Structure formats: C-alpha cells, structure tokens
Amino acid sequence: MIPAAHVRAARLRGRSPPRRLCRARAGGTLVGFVRYAAPMAPRSLLLTAVLVLSACAPRLPEMPERRAEAPASLPPMKLFSEPRVTRPARANTDIARDFLDLTFELESGRAVPVFTRFEEPITLRVTGAIPKTLEHDLTGLLTRLRREAKIEIARVRPAGPANITVQTISRRDLQGSVPEAACFVVPRVGSWDEFRANRRGERTDWTKLQRRERLSIFIPRDVAPQELRDCLHEEMAQALGPLNDLYRLEDSVFNDDNFHTVLTGFDMLILRMTYAPELRTGMTRDQVAARLPSILARLNPAGVGKPGDGRGATPRAWIDAVQRAIGPRAGSSTRRDAAVRAVAIGRAEGWNDNRMAFSLFLLGRLSLDMAPDLSLAAFLQAANIYASSPAMQIHEAHLAMQLAAFALSAGAAEQAIAIVDANTDAVIAAENAALLATLLLVKVEALEIQGRTADAGRLRTEALGWARYGFGSDAEVRRRMAEIAAISPRNSEENAS
C-alpha cells in the first residue's frame with residue numbers, strides 16, 4: 001500500500017443506457033412526454049420526465065440489439081481548445097474553510113501537521129511514452145496554471161532532475177501495485193522504480209512531509225485520451241497544493257464524485273492561495289487560517305461579506321457507503337445496497353446539496369437493470385437538486401444523458417433532442433468529450449427516428465470525433481455507438497421485421 005499518498009480512484013464506469021422503459025400510448029402518440037418546440041429549462045425537463053414515470057404501463061420486452069453501422073474509418077479526433085472558466089461565486093468564509101480542510105487533512109481523515117508547497121521555481125519533466133494528446137493537454141494545463149493560478153512551472157528535459165516527474169506506465173502495472181487506482185501522486189520519489197522500492201515506508205507518507213522538493217505523478221499511458229487528461233489535471237493539482245478531496249464541493253475536481261474532470265475556477269483560486277506570498281512552508285493550520293481572510297479579500301473580493309452555506313463535515317459512514325457503491329470489486333446488489341445506505345444517511349443528515357444528489361445518482365445508476373422505475377425516480381430527484389445551483393450544470397448534464405436515453409428508448413425523439421440541446425453547452429464548457437459524444441449519439445438516433453437522415457449523418461461525424469477523445473480506441477468508440485443505437489425503437493423494429 002501507499003502510506004497516505006493521494007490516489008485518484010478509478011471512476012464508476014458508465015453503463016449502457018436503459019433498454020427498457022415504462023411507456024403508454026393513446027391514439028398512437030406517446031403519453032407522458034409533453035411536446036414542446038424549443039429547448040426547455042432543466043427543471044421543466046424534470047417535470048416532463050415525471051409524467052413519464054406516472055404514465056407507466058406494462059413494461060416493454062427487452063429490445064434486440066443491432067450493431068450500428070459506423071463508418072468504415074472514423075473521423076479525426078476532436079480536441080478542446082480555449083477553456084471557459086467561471087470564477088467561484090461562494091462566500092470567502094466558505095472558501096477559507098474548504099482551503100483548510102483540503103490542505104490539512106488527507107482523504108483517510110488523517111491530519112497533515114504543517115503546510116507545504118514548492119518554495120523554489122518549479123521544474124517538471126515527463127518520462128515514459130508520451131501520447132500526442134498528453135503533450136497537447138499538458139501544454140494547455142501549464143498555460144492555465146501560469147495564467148490563472150500565477151504558478152510558474154518550467155518544462156525540462158526527461159533525463160534531467162525535476163521537482164515534478166510525470167511518468168506514464170501501463171495501466172496493468174499501475175493497478176498491479178495500487179489496485180482500483182486510476183492514477184496517483186507520491187512525494188519524495190522521482191521514478192516508478194523508486195516508488196516501488198519505497199512504497200511501504202515513511203518516505204512516501206504525506207503526513208511526514210515537511211517540505212515539497214520532489215514528487216512523481218504516475219498515470220497510465222494506455223487509456224482514453226480524456227482519462228489521461230483527467231488524471232493529469234487532478235494529480236497536478238494535488239502535487240502543487242491540497243491533498244484532500246471533499247464530497248461537499250460542487251465546483252471542484254477536489255471531489256471524488258468525478259463530475260468535474262478539468263480544473264475549475266475554484267480550483268485555480270485554491271492553487272493561487274496556496275502560493276500566496278503571505279504563506280510559507282512549515283506553517284500550522286492556525287497560522288494559515290489567520291492569513292486567509294486578507295488573502296481572499298485580495299484574490300476574490302466578490303466573496304467578501306457573502307453569507308456562508310453552513311455545510312458541515314461529511315460523515316465517514318456516508319463516505320464509506322459511497323466508496324462501496326463506486327468500488328468495482330463488490331457485486332451489483334452489494335453496490336446497490338451501499339447506494340441505498342448513502343441515500344438514507346443523506347436524508348438523516350437533512351441534506352439537500354450535491355452529496356444528497358450524488359447518493360441518488362448512484363442509486364439510479366445501480367438500479368437501471370433491476371428496477372428502472374426506481375432508477376428514473378432517483379435520477380429525477382437528483383436532477384432537481386443539481387438544478388438548484390449554477391455551479392452544478394455539468395452534474396445536471398450527466399442526469400440529462402440518462403433522461404435523454406429514457407426518452408429515446410420510448411421513441412420520444414423530439415424530447416430526446418430537446419434534452420440533449422439544453423445540456424450540450426454545459427458539457428462543452430466542462431470539456432467532457434465522453435459525455436458530449438454520448439449525448440450527441442442519442443440525438444443522432446432521435447434524428448433518424450424523425451427521418452432527418454442528412455442531419456443525423458453530419459452530427460454522427462461530430463459525435464464520433466469527440467468519442468475518439470473520450471473513449472479512446474476505435475473498437476470502444478464503435479461499441480459505445482452500438483449500445484446507443486440498440487435502445488432506439490427504430491432499430492428494434494428493423495430487427496423484428
């Protein structure tokens with residue numbers, strides 16, 4: 001094991017969209033989805049979907065699958081260019097509280113005794129095989145760190161010494177040493193071999209660290225480009241600054257719910273605070289806390305005087321239940337039971353925030369196959385919470401994908417298109433190519449239902465370009481496309497004829 005090292009857990013993998021949905025018909029038209037001409041606000045979409053739930057009739061039989069006819073050669077990969085960053089809109093008192101909890105605790109709950117950061121000019125090298133997309137994404141990340149967090153990081157040759165080493169290794173080797181990890185960062189080592197030789201000692205224990213001088217980020221080279229980038233963003237942030245993740249944060253990658261996959265405006269503010277001249281390595285929590293009000297007044301004047309949200313600490317029992325629900329090793333029923341426990345704990349705590357919504361989201365995901373009615377109800381409740389804050393638009397979009405899939409499965413093409421259109425911009429802003437491709441492929445199938453073949457063809461090309469970045473291999477892209485095509489009644493009817 002790694003003593004108190006930061007690990008990015010492998011995320012809950014997306015399941016196929018639901019292949020069954022309660023639906024009722026009257027006079028040949030679908031009952032339950034309200035027709036509308038323009039994209040609706042997310043809350044209106046929820047009300048629409050509630051009607052679906054209330055109009056459920058006997059269940060449809062399982063749809064036979066049809067392999068989607070993907071192009072013989074896939075279009076070029078699409079990449080995000082200029083980031084769209086939103087500054088945090090929360091109270092400075094809340095941001096100060098979050099900074100202290102992020103900086104002086106580990107995910108395990110162990111205390112970090114002193115504040116640490118790099119005090120000298122920072123150098124970075126990359127070793128191992130370097131995929132082209134990694135080079136592109138690293139360049140973009142370093143540009144953002146310099147511009148937004150005011151942290152200067154100089155790239156140096158792979159063979160030379162560096163403060164930060166980013167080393168790519170095979171996923172098999174990475175998870176062979178740290179099971180269930182997608183990637184991780186370790187202090188006081190400069191290579192994979194050095195980590196392997198010291199992994200069980202105090203050298204790699206963050207709580208024993210007195211000064212940051214040298215560390216390594218290990219990421220898998222043989223995963224989808226988006227997964228590589230996500231690891232790079234989160235582990236670089238941990239290498240430079242806070243070591244903890246907090247489930248209560250709705251606008252940050254410092255949250256194991258993995259809705260945000262690139263550094264946000266909040267994250268850049270946290271990193272800029274970390275390297276504020278008022279702070280220095282070796283300070284205690286109380287010493288740092290005393291300086292935060294003036295630091296935040298200077299860096300985030302819009303947050304001065306705003307009322308706080310009053311969110312307390314997250315109970316360990318809830319964290320354990322969520323991690324059990326996400327963990328890949330437990331069986332499906334065990335994971336679903338853990339999601340039920342997380343929902344119960346959230347209700348007992350009186351939550352109506354992103355933690356409650358995430359509990360419901362997990363319950364919905366884990367109930368898709370065995371209880372689609374419960375799954376839809378959980379998704380709707382989660383989406384209603386996510387709709388309460390502008391900072392959670394990407395969270396809403398994840399729910400919208402599920403609702404769009406339900407609509408497509410029911411043959412409600414117009415509604416599926418409207419749901420996709422209402423959420424596409426938020427997904428682009430969050431730079432989530434995998435989710436964007438999935439939404440666009442749902443819309444492709446809905447356009448096909450409407451007979452808009454030319455429009456569907458053009459959109460399919462765009463969707464597959466994003467899918468190549470989001471999902472990686474051509475085989476995986478084609479598999480995802482086939483999964484979405486399989487839930488369309490158009491395809492099931494073709495198979496039946």
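Helices here are DSSP runs of H or I of at least four residues, strands are runs of E of at least two, and both are numbered from the N terminus. By that scheme, Ala-276 sits in the loop linking α7 (265-274) and α8 (285-299). Please note that this is a predicted model, in which local features need pLDDT of at least 70, side-chain atom pairs count only at pLDDT 80 or more, and totals for chains, interfaces and linings use all residues. Residues are numbered from 1 along each chain as its sequence is written, and side-chain values use heavy atoms, with hydrogens and water left out.

Is Ala-276 buried or exposed? Its relative accessibility is 3%, so Ala-276 counts as buried; buried means under 20% relative accessible area, exposed over 50%, and partly exposed in between, with a 1.4 Å probe and protein chains only. Leaving aside residues up to four places away in sequence, Ala-276 touches Arg-117, Ile-295 and Arg-298, where contact means heavy atoms within 4.5 Å.

Just after α13, Gly-411 adopts a positive phi of about 80°.

Finally, a helix pair. Helix α6 (residues 225-240) packs against helix α16 (residues 453-471) at about 55°, the axes being 4 Å apart; axes are lines fitted to C-alpha atoms over the stretch in contact, and angles run from 0 to 180 degrees between N-to-C directions. In this packing, Pro-225, Gln-226 and Arg-229 of α6 meet Arg-468, Tyr-469 and Gly-470 of α16.
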